[in-house]
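Look over the sequence and the structure first.

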Amino acid sequence: MTNFVRYALENGGDVQPLIVPSEIMTPGGLFNPSILLDTDGKIVVNVRHCQYTLYHAEKQRFEHHFGPLVYVHPENDVTLTTTNYLGVLNQDLQMSKVLKVDTNKLDVEPIWTFVGLEDVRITRWDDKLFYTGVRRDTTKNGQGRMELSEIEMTPKNAKEISRQRIPILENTNSYCEKNWMPIIDQPYRYVKWCNPTEVVEYDPVSKKLHQVYCSKERVNIQYDLRGGSQVIPFGNHYIALTHITMMHPSVTKRKNATYRHAFVIWDKNWKVIKYGKMFSFLDHLIEFACGMATVGNDILITFGTQDNSAYVLKIPVESFTKFVEEVV
């Protein structure tokens, strides 16, 4: 199993933690960041924060008596509440001008325990900055739907100024939609599934969703590819970083999981060119990636581990291309 961070460091890359100043953040974990090279040349980054600490029995040892995965909450708040922080990345891969995203204008009283917009991916479509993520606090059973939020960012403020809940396709029975991958240069389009590939488009005026493309073929691979980064141009193709969730019992026969990753490359007609092999970032069991961007001669990838840390990884395009070619 390839350790991608080690590979990047050995091939001209770098990795840095993404930090939100403690003065503007309550205690809890930072994780699952996203990244975008904006039209003005700035590299904007969103980092997700939750008000819990996740305990996970890494290496399958020292399991808690409640199980291998335990959320440690404040005594007065047992929800899983997400707050998003938006900042600008400098040349040293450090976040500056970090702002808490103000959602007060559009928030309503939550009626489920997962609160807020989770695991957002950043895009700029029609000259507007957007977050796309999943929200699960609007129904009593935690039904999840993708939401599209427009974000207004100034030097002093970051505010959510509009919010639309994306419907599911007609004749579709779905409890929880998650991890759609925005296509960075095709406004309001997403890769919803990777095998078979399904592309959908949301119309923010009519507020309807329709299917743009769906492959009739399912490739026989050993793992299920789920959404991760945005879908970005890659030469004459498109590429995205996906995640793989492998469920397995813990040493005490309770639910546990390992997260791994793989790249997918399509041609411009959404025919799959390559499915990559699985790899890890840091050999942790819980890892998740929400962002990828090409910046000059480098690829930047943002990822989180164990719901407790957020990182940005830089790798030269040449080394990245070699890695992709080697693992597929």
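**Strand pairing and packing**

Strands E23 (residues 287–295) and E24 (residues 298–305) run antiparallel and are joined by eight bridges. The model is predicted.

- Phe288 has Gly304 of E24 as its bridge partner.
- Two residues lie between the strands of this hairpin. Gly296 takes a positive phi there, near 60 degrees.

**Nonpolar cores**

- The largest nonpolar core has 35 residues. Phe4, Phe263 and Phe320 touch the most other members.
- Helix H1 (residues 4–10) gives the most to this core: four residues.
- Leaving out residues up to four places away in sequence, Phe320 touches Phe4, Phe234, Ile239, Phe263, Met292, Ile299, Ile301 and Ile315.
- Another core lies apart from the largest one and has 18 residues. Leu18, Ile35, Val45 and Val47 are among them.
- Nonpolar side chains tend to be buried together in soluble globular proteins.

**Phe279**

- Phe279 sits in strand E22 (residues 279–280).
- Is Phe279 buried or exposed? Its relative accessibility is 1%, so Phe279 counts as buried; the cut-off for buried is under 20%.
- Phe279 and Pro21 are 258 residues apart in sequence. In space, their C-alpha atoms are 31 Å apart.

Notes
Residues are numbered from 1 along each chain as its sequence is written. This is a predicted model: local features need pLDDT of at least 70, side-chain atom pairs count only at pLDDT 80 or more; totals for chains, interfaces and linings use all residues. Side-chain values use heavy atoms; hydrogens and water are left out. Buried means under 20% relative accessible area, exposed over 50%, partly exposed in between (1.4 Å probe, protein chains only). Two strands pair if DSSP finds at least two bridges between them. A nonpolar core is a set of buried Ala, Val, Leu, Ile, Met, Phe, Trp, Tyr and Cys residues joined through side-chain atoms within 4.5 Å. Contact means heavy atoms within 4.5 Å.
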